[in-house]
Amino acid sequence: MDQIVQQIAAYRQEIESLEIGSPQQLEEYRIKFLGTKGIVKALFGEMRNVPNEQKKAFGQVLNEFKQFAEAKYEGAKEVADNGPQAADDIDLSLPGDPLVAGSRHPINLVRKRIIDIFHRLGFAVADGPEVEDDWHNFTALNLPEHHPARDMQDTFYISQNPDWLLRTHTSNVQTREMEKGQLPIRIICPGRVYRNETISARAHCFFHQVEGLYIDEHVSFADLKQTLYFFVQELFGKDVKVRFRPSYFPFTEPSAEMDISCLICGGKGCRVCKHSGWVEILGCGMVHPRVLENCGIDANKYTGYAFGMGIERITMLQYGINDLRLFSENDLRFLKQFTGAV
Ligand code: DAH
């Protein structure tokens, strides 16, 4: 038996030093060692001639050898199947595959800047559904069913349940936060909104807003003005001027529209500001007491302000973009111009 064991050791060495480089060599190896007339099989045949008391030890040697021979085969087969990638096949001097760097979408860039500024003032970000019910988008905000102000915000209704609609502003998030009843509230609500509008350079059926809401005891219009003034100075620079014009929103009273001095001409008058020197950037006001009551807040104790702006509009002003449709056309020539902006 010693002789056979020595023979097995020799086979082991042979296998170890064997380099299998082609499918043909692999097949030759299989036939030689693992085939029905191969070495492993033949060695098992020797079992007959081994004395009974040595059979166990010999069986163990045989099994180990068989596993070893099979492992070599499996390893070589895997390389053959998956393609060899020997270390010396790799040419380290070749230039690497270029990694195409993506860029943030301009809407995301500006949304992030807006959020950062309000973060510093202690505003938290709140989120809510884009498919909303009538109450949270309209009725709770003092826009009852037949109110003409709804015409300004026509939207898309879910035909299976006309009470559901695509939200026209992110004010629905304000409604939901107020209903939670945890005061004070100081939030901004960024998100996508929808309107039934004809698509043009200035309007789209969907766009993005950031709205803000601050409710506490003794919140005043002076707080609103100062907060928004700080905001535009942070976003557009210290030279920017602001003005408030009286306006109307059903959910605020008094309401105002805020303009900033035109960034293009510095207030002298140009095409962008229609020669007025001012551009409108947001709507705002003191939350209407009826809205507070609708959401279960005591309007005698609490007051609050709210504001809302379109991100597209601000992005167009910041980057001098003249067509709103560019934001959603996925034209890489447009999007690549924002590579590197953070
Ligand atoms: N929701 C208004 C809009 O989409 C914008 C707005 C105006 C939001 C005044 C407010 C606000 O929260 O107080 O046109």
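Author: What follows starts with the sheet and then turns to the helices, the peptide bonds and the loops around it. The model is a predicted one, and the domain assignment of the protein divides it into domain 1, residues 2-89, and domain 2, residues 106-338. Taken over C-alpha atoms, the centres of domain 1 and domain 2 are separated by 75 Å.

The sheet is open and is formed by seven strands, which follow one another in the order 1-4-5-9-8-7-6 with mixed pairing. Strand 1 (124-125) and strand 6 (242-249) each have a single partner strand and stand at the edges, so one side of each is left without a neighbour in the sheet. In general, the strands of a sheet pair through backbone hydrogen bonds, and they may do this in a parallel or an antiparallel way.

Helix 5, made of residues 106-120, lies across strand 1, strand 4 (185-194) and strand 5 (206-216), and its direction makes an angle of about 5° with strand 5. Helix 7, made of residues 171-180, lies across strand 4, strand 5 and strand 9, and runs at about 140° to strand 4.

The loop between helix 7 and strand 4 holds Pro184, which is joined to Leu183 by a cis peptide bond with omega of about 0°. Another cis peptide bond leads from Glu253 to Pro254, where omega is near -5°, and Pro254 is found within strand 7, residues 252-261.

Two residues with positive phi complete the picture. Lys274, in the loop between strand 7 and strand 8, has a positive phi of about 50° although it is not a glycine. Lys274 counts as exposed because it has 11 C-beta neighbours inside 10 Å, and a residue with 12 or fewer is placed in that class. Asn142, which is not a glycine either, has a positive phi of about 70°, and its place is in the loop between helix 6 (134-137) and strand 3 (164-166).

How values were computed. Residues numbered from 1 in each chain as written. Predicted model: local features only at pLDDT ≥ 70, side-chain atom pairs only at ≥ 80, totals over all residues. Pairing = 2+ DSSP bridges. Helix = DSSP H or I, 4+ residues; strand = E, 2+ residues; numbered from the N terminus. Contact = placed C-beta atoms within 7 Å. Axes fitted to C-alpha atoms, helices over the stretch in contact; angles between N-to-C directions. Domains from an automatic or database assignment. Buried ≥ 20, exposed ≤ 12 C-beta atoms within 10 Å, placed from the backbone.
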